[in-house]
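Have a look at the sequence and the 3D structure before reading on.

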Amino acid sequence: MVAKQLSIFLENKSGRLTEVTEVLAKENVNLSALCIAENADFGILRGIVSDPDKAYKALKDNHFAVNVTDVVGISCPNIPGALAKVLGYLSDEGVFIEYMYSFANNNIANVVIRPSNLDKCIEVLKEKKVDLLAASDLYKL
């Protein structure tokens, strides 16, 4: 249920994203989901990888500023309103979403959530019978 997500600080200059992906490729680490938030000077790549510990070490060894954050993965139908329903459960219980990103594969949407309260988020999702993704499954997507 709880997965490790990498957050990698990237200067806004040509080739930095390529360097990250090359480091991961060299270590045979797959990047299965990512989002990039940026401003004028830098970006933050948040990503789910096949082996977070190995990726963290490789990125650190290659002088990247990287952190590991706990996130929750869910799966829901890829239809209008499905995500709104899940987010309603969380907001009704006071769980604030710091950020999230998703990716759809045919009829299923996979969502990575960084909540303000991880334990409360998981409790609410379990109670509402939302399909939680095991970390090992999220790393393989």
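## About the model

This is a predicted model, in which local features need pLDDT of at least 70 and side-chain atom pairs count only at pLDDT 80 or more, while totals for chains, interfaces and linings use all residues. Residues are numbered from 1 along each chain as its sequence is written, and side-chain values use heavy atoms, leaving out hydrogens and water.

## How H1 meets H2

Helix H1 (residues 16-26) and helix H2 (residues 52-61) have axes that come within 10 Å and cross at roughly 125 degrees. That makes H1 oblique to H2 (oblique covers the angles left over once under 35 degrees is taken as roughly parallel, over 145 as roughly antiparallel and 65 to 115 as roughly perpendicular). The crossing of H1 past H2 is right-handed.

In contact (heavy atoms within 4.5 Å) are Val 20, Val 23 and Leu 24 of H1 with Ala 55, Ala 58 and Leu 59 of H2. By class, this contact has six nonpolar, no polar and no charged residues.

## The two sides of H1

Arg 16, Val 20, Val 23 and Leu 24 of H1 are buried (under 20% relative accessible area, with exposed meaning over 50%). Seen down the axis of H1, its buried residues fall within an arc of 95 degrees, so they line one face of the helix. They pack against strand E1 (2-11), strand E2 (31-38), strand E3 (42-49) and H2.

On the other side of H1, Ala 25 and Lys 26 are exposed. Just after H1, Asn 28 has a positive phi of about 60 degrees.

Technical notes
Axes fitted to C-alpha atoms, helices over the stretch in contact; angles between N-to-C directions. Helix = DSSP H or I, 4+ residues; strand = E, 2+ residues; numbered from the N terminus. Left-handed = near helix turned anticlockwise from the far one by under 90°. Nonpolar A, V, L, I, M, F, W, Y, C, P; charged D, E, K, R; others polar. Buried < 20%, exposed > 50% of the residue type's maximum accessible area, 1.4 Å probe, protein only. Arc of directions from axis to C-beta.
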